[in-house]
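Please have the structure open as you read.

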Amino acid sequence: MNEVISTILNHRSIRHFKDQQLTDEQIKTIVSCAQAASTSSFIQAYSIIGIKNMEKKRKLAELAGNQEYVAHNGHLFVFCADLSRHESIGEMEQKDVIPSIESTEKFMVALIDASLAAQNAAIAAESMGLGICYIGGIRNKLDIVKELLKTPERVIPLFGMTVGYPEKINDQKPRLPLAHIYHEEEYEQDKEVYLQQLQEYNQVISSYYAERTGGKRKDRWTEQMAKMLENQTRMYMNDFVQKNKLNKR
């Protein structure tokens, strides 16, 4: 155990922030830590857009499903998959890079690069005594988000991250058991073992909700996930990504 591991294991999403903005130095430090993350083949296929303007924050909060904490926080970061600069690189070096840029592989690289950078940023922020919350809701209406952020072709806003000084800290939700997530040598082949692990986790989550809500809520994790996945959301994404000249090949 050390301070870094303790910070990581203490993570929880923060949705209530004090009315205190991050300093420019804090923002620079968080972004620098994001940039220190691993990046596939040094491609650095992501960009980060910081939002300070309150009107723009309110608009993004509305687009994200009227989530108030998207507007009220210390700073809002938007992480984007970005292969636009690589198109410019091709022009600079007079190389045909378009087939590669438009491949599913490079789109996956951009998604992974952005995610690694974001998690570095999250850990850095939490190590500074700040709280964070990822915001996938900005993908509800990406056409409007792109217009608001003025992102060019081959740039896709993936998710936001609210950062700030926690006003309220929620209980930490229990994660799936390690044995269900971590497989040695090969994926678990016994379906009964797999299902038993899920049943045991259902009991843990149901107890967590019951205790947190005084018995008002006792839903199971598999019940929760099935309901969520039954409700088809953002099904426009494939067409939207290809329209922005990514994941076409």
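Strand E4 gives the largest share of the lining of the largest pocket, with four residues. The model is predicted.

**Largest pocket**
- The space in this pocket is about 820 Å³.
- Its lining counts 25 residues. Ser13, Arg15, Cys133, Tyr134 and Lys173 lie nearest the centre.
- Strand E4 (131-135), helix H9 (191-213) and helix H10 (221-230) are the elements that give two or more residues to this lining.
- By class, the lining holds eight nonpolar, 10 polar and seven charged residues.

**Second largest pocket**
- The volume here is about 260 Å³.
- Its lining has 13 residues, and Ile8, Leu9, His11, Gln172 and Arg175 are the closest to the centre.
- At least two lining residues each come from helix H1 (3-9), helix H6 (104-127) and E4.
- H6 supplies the largest share of this lining, four residues.
- Seven of the lining residues are nonpolar, three are polar and three are charged.

**Cysteines**
- How many disulfides does the model have? The count is zero.
- Cys80 is in no disulfide; the nearest cysteine sulfur belongs to Cys133, 18 Å away. A disulfide needs the two sulfur atoms within 2.5 Å.
- Cys133 is likewise in no disulfide, and its nearest cysteine sulfur is that of Cys80.
- Cys80 is buried, at 0% relative accessible area.
- Cys133 is buried too, at 1%. Cys133 is also among the residues nearest the centre of the largest pocket.

Conventions: Residues numbered from 1 in each chain as written. Predicted model: local features only at pLDDT ≥ 70, side-chain atom pairs only at ≥ 80, totals over all residues. Heavy atoms only, no water. Buried < 20%, exposed > 50% of the residue type's maximum accessible area, 1.4 Å probe, protein only. 1 Å grid on protein atoms, 1.4 Å probe; cavity = no way out; pocket = protein on both sides within 12 Å on 5 of 7 lines; lining within 4 Å. Points joined across faces, edges and corners; volume = space filled by probe spheres on them. Nonpolar A, V, L, I, M, F, W, Y, C, P; charged D, E, K, R; others polar.
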